[in-house]
Amino acid sequence: MRNKKIINLHAGPALMMCSTLMGAAVLMGVLTTSFNYKLDDAGNIIGLVAASAKSTAATDVPSVVRCLAGLITAILPAAIGQHLPLVIGLLSVPLALAFDTDSYFYGMLPVIIAIGEGFGVAALPIAVAMVVCRNCATFISPMVPATLLGTGLADVDIKDHIKSSFLWVWVFSIACMIFAIVLGVMPL
């Protein structure tokens, strides 16, 4: 009887986490899936043939991520595109102030990886730069509830916290990126 009470006590949060992760997986599937369609002799679409994450046939409807990456790749200079991990590493702290963790990793990461592919940059260095450098800025971001709780408990205004911490966190983030490059964790 006691075990049932404990299970019932924790069932709600556990199910919420499971549904959140499954929802994120569905979202990523929708954002990264391209569809291949079949045409008749007149050029009209008959129906969908297949769906895949990596499709390059002429009759493909590109995924949302591929469309966004294509738009950005078209305007991004090649000199910046070839050094995308460094650029993202340098911009991760300011981006942390604008995006919450979920939108940063579920929304931006796939698009940035697709942009990197357009310039011949592997996914691993981009992902490492985004993870290592962004995580340094987690607790100055006003998008993180723990930051708001901490500043509230310390009776510090969030803008004052960001103002006094931003440069220190940014320098630390760049130092972490350099350390990751030296260790070979973030290949260039």
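## Cores, contacts and salt bridges in a predicted model

Biologist: Which residues have the most contacts inside the largest nonpolar core?

Modeller: A nonpolar core is a set of buried Ala, Val, Leu, Ile, Met, Phe, Trp, Tyr and Cys residues joined through side-chain atoms within 4.5 Å, where buried means under 20% relative accessible area, exposed over 50% and partly exposed in between, with a 1.4 Å probe and protein chains only. The largest core here has 18 residues, and those with the most contacts inside it are Leu84, Ile88, Tyr104, Ile112, Ile115, Ile126 and Met130.

Biologist: Which helix supplies the largest share of this core?

Modeller: Helices are DSSP runs of H or I with at least four residues, and strands are runs of E with at least two, both numbered from the N terminus. At least two residues of the core come from each of α2 (64-75), α4 (84-98), α5 (101-118) and α6. The largest share, 9 residues, is that of α5.

Biologist: Why does Ser141 count as buried?

Modeller: Ser141 is found in the loop between α6 (123-136) and α7 (145-153). Leaving aside residues up to four places away in sequence, Ser141 touches Ala96, Leu97, Phe99 and Thr147, a contact being heavy atoms within 4.5 Å. Ser141 counts as buried because its relative accessibility is 0%.

Biologist: How many residues apart are Arg66 and Glu117, whose pair links distant parts of the chain?

Modeller: A salt bridge is a side-chain nitrogen of Lys or Arg within 4 Å of a carboxyl oxygen of Asp or Glu, and the side chains of Arg66 and Glu117 meet in one at 3.0 Å, N to O. Arg66 lies in helix α2 and Glu117 in helix α5, and the separation is 51 residues.

Biologist: Which residues are linked in a network of salt bridges?

Modeller: Asp157 forms a salt bridge with Lys159, with the closest N and O atoms 3.6 Å apart. Lys159 also pairs with Asp160, where the closest N and O atoms are 3.6 Å apart. The network therefore links Asp157, Lys159 and Asp160.

How values were computed:
Residues numbered from 1 in each chain as written. Predicted model: local features only at pLDDT ≥ 70, side-chain atom pairs only at ≥ 80, totals over all residues. Heavy atoms only, no water.
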